[in-house]
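Dear colleague,

Please find the structure below, handed over for your use. My notes on its contents follow directly after it.

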Amino acid sequence: MAFKLIVLTALVAAARAGIIGAPLAYATHGAPLAYGAPAIAKVAGPVAVDTDYDPHPQYSYAYDIQDALTGDAKSQQESRDGDVVQGSYSLVEPDGTVRTVEYTADPVNGFNAVVHKTPLSAPIAKVAAPVAYAAPAAYAAPAAYAAPIHTKAIYG
């Protein structure tokens with residue numbers, strides 16, 4: 001019985017706070033007598049418009065990295081026209097092959113990629129040996145500590 005009272009109290013509080021419509025009145029057998037429709041609030045003022053929204057986005061970019069010292073070689077190019085994206089990227093794998101991925105994406109077919117692996121035409125350059133650093137300067141110990149000289153004065 002206490003549970004029903006708590007639930008009814010919570011419903012009445014929520015209705016008065018405007019979270020739900022008017023409270024329900026119940027007959028003794030539990031059937032609702034009246035129902036209050038929830039209030040709909042209208043917000044006054046201008047509607048916020050996203051000025052950065054582009055209904056037909058378009059872009060194109062590309063980059064290429066060729067590092068002769070480390071042998072790192074990678075590139076990518078991509079273009080977009082509306083909801084269709086096309087591109088490819090490539091990189092040198094640790095086993096010496098070049099992985100090239102060609103991809104497309106659109107709302108009908110989703111994302112699709114085709115991967116190609118080809119042997120590298122030139123061997124990968126070995127990374128240079130680590131740089132040798134000079135040893136730190138020797139630590140100079142502080143000068144010897146000399147205890148203060150105390151003399152006894154004898155007064156006689």
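The count of salt bridges comes to four, where a salt bridge is a side-chain nitrogen of Lys or Arg within 4 Å of a carboxyl oxygen of Asp or Glu. Please note that this is a predicted model, in which local features need pLDDT of at least 70 and side-chain atom pairs count only at pLDDT 80 or more, while totals for chains, interfaces and linings use all residues. Residues are numbered from 1 along each chain as its sequence is written, and side-chain values use heavy atoms, with hydrogens and water left out.

Among the salt bridges is that of Glu 93 with Arg 99, at 2.8 Å from N to O. Glu 93 is buried, with a relative accessible area of 14%, whereas Arg 99 is partly exposed at 26%; buried means under 20% relative accessible area, exposed over 50%, and partly exposed in between, with a 1.4 Å probe and protein chains only. Another salt bridge joins the side chains of Asp 95 and Lys 117 at 3.9 Å, N to O. Asp 95 lies in the loop between S5 and S6 and Lys 117 in strand S7, so this pair ties together parts that are 22 residues apart in sequence. Asp 95 counts as exposed, at 56% relative accessibility. The side chains of Lys 74 and Asp 72 also meet in a salt bridge, 3.5 Å from N to O; Lys 74 is partly exposed at 31%, and Asp 72 is partly exposed at 31%.

Glu 78, in strand S4, is buried yet has no salt bridge, and the nearest side chain of opposite charge, Arg 80, is 7.5 Å away. For charge, Lys and Arg count as positive and Asp and Glu as negative; His and the chain ends are not counted.

Turning to the fold, five strands form an open, antiparallel sheet in the order S3-S4-S5-S6-S7. Strands (E, at least two residues) and helices (H or I, at least four) are DSSP runs numbered from the N terminus, and two strands pair if DSSP finds at least two bridges between them. The edge strands, S3 (58–67) and S7 (110–119), each pair on one side only. S3 and S4 (residues 72–81) pair over ten bridges, with Ile 65 opposite Lys 74. S5 (residues 84–92) and S6 (residues 97–106) pair over eight bridges; four residues separate them in a hairpin, and Gly 96 in that turn has a positive phi of about 90°. S6 is joined to S7 by ten bridges and by a hairpin of three residues.

The structure also holds three aromatic pairs. One of them, Tyr 59 with Tyr 61, is stacked, at 6.3 Å centre to centre and 25° between the planes. Rings of Phe, Tyr and Trp (its six-membered ring) pair if their centres lie within 6.5 Å; planes under 30 degrees apart count as stacked, over 60 as edge-to-face and the rest as tilted. Tyr 89, Tyr 103 and Phe 111 form one aromatic cluster.

With kind regards
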